[in-house]
Amino acid sequence: MTLLAIGAEAPKVEGVAVLEVAPDEFMASRYLGDCPAGVYLVRPDQIIAARWERVDGNAVKAVHDAIWEGRL
């Protein structure tokens with residue numbers, strides 16, 4: 001899985017790749033809306049599993065584990 005952080009710092013979570021990007025005008029309007037930042041958990045099949053405005057590593061780990069364990 002990949003944690004895509006747009007205009008935010010992503011927490012480091014074991015087993016999750018991190019990509020941090022600064023949003024340009026297009027990216028901000030398409031993916032952030034009125035939020036100043038967004039963090040997306042992207043599954044290997046490119047489905048967005050979760051989105052947060054702000055997130056900590058524990059929340060990411062919980063969703064990551066739930067997906068791999070078949071609970072989500």
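Helices (H or I, at least four residues) and strands (E, at least two) are taken here as DSSP runs, numbered from the N terminus. By that reading, I67 lies in helix α2, a residue that returns below. The model is predicted, so local features need pLDDT of at least 70 and side-chain atom pairs count only at pLDDT 80 or more, while totals for chains, interfaces and linings use all residues. Residues are numbered from 1 along each chain as its sequence is written, and side-chain values use heavy atoms, with hydrogens and water left out.

The overall layout comes first. The protein chain has two helices and four strands, and from the N terminus on its elements follow the order β-β-α-β-β-α. The C-alpha trace spans about 35 × 20 × 20 Å along its principal axes. The radius of gyration, taken over C-alpha atoms, can be set against a globule rule of 2.2 Å times the number of residues to the power 0.38. For 72 residues a compact globule would have a value near 11 Å, and the 12 Å of the protein chain agrees with this. Contact means heavy atoms within 4.5 Å. Among contacts between residues at least 6 apart in sequence, 39% join residues at least 24 apart.

The four strands form an open sheet with mixed pairing, in the order β2-β1-β3-β4. Because β2 (17-21) and β4 stand at the edges with a single partner strand each, one side of each is left without a neighbour in the sheet. Neighbouring strands are turned by 15 degrees against each other on average, direction ignored. Two strands pair if DSSP finds at least two bridges between them. Strands β1 and β3 run antiparallel and are joined by five bridges, with A5 standing opposite V39 in β3. Strand β3 (residues 38-42) also pairs with β4 (residues 48-52) in the antiparallel sense, over four bridges, and here V39 stands opposite W52.

Strands β3 and β4 form a hairpin with five residues between them. Q46 sits in the loop between these two strands and has a positive phi of about 70 degrees although it is not a glycine. For accessibility, buried means under 20% relative accessible area, exposed over 50%, and partly exposed in between (1.4 Å probe, protein chains only). Q46 is exposed, with a relative accessible area of 68%.

The helices can now be placed against the sheet. Axes are lines fitted to C-alpha atoms, for helices over the stretch in contact, and angles run from 0 to 180 degrees between N-to-C directions. Helix α1 lies across β1, β2, β3 and β4, at about 115 degrees to β1. Helix α2 lies across β1, β3 and β4, and runs at about 165 degrees to β4. A polar contact is a pair of N or O atoms within 3.5 Å; within protein, one must be able to donate a hydrogen and the other to accept it, and residues adjacent in sequence count only if both atoms are side-chain atoms. At the start of α1 (residues 25-32), a side-chain oxygen of D24 reaches to within 3.3 Å of the backbone nitrogen of F26. Just after α1, G33 takes a positive phi of about 60 degrees.

Buried residues make up 32% of the 72 residues in the chain. A nonpolar core is a set of buried Ala, Val, Leu, Ile, Met, Phe, Trp, Tyr and Cys residues joined through side-chain atoms within 4.5 Å. The largest such core has 14 residues, and those with the most contacts inside it are L3, V39, L41, W52, V60 and V63. Strands β1 (2-6), β3 and β4 and helix α2 each supply at least two of its residues, and α2 gives the most, with three. Leaving aside neighbours within four places in sequence, V39 is in contact with residues including L3, A8, A50 and V55.

I67 is buried at 17% relative accessible area and, not counting residues up to four places away in sequence, touches M1, L41, R43, A49 and L72. H64, also placed in α2, is buried at 9%, and its side chain makes a polar contact of 3.1 Å with that of D65. E69 lies in the segment after α2 (57-68) and counts as exposed at 53% relative accessibility. The side chains of E69 and R71 are joined by a polar contact of 2.7 Å.
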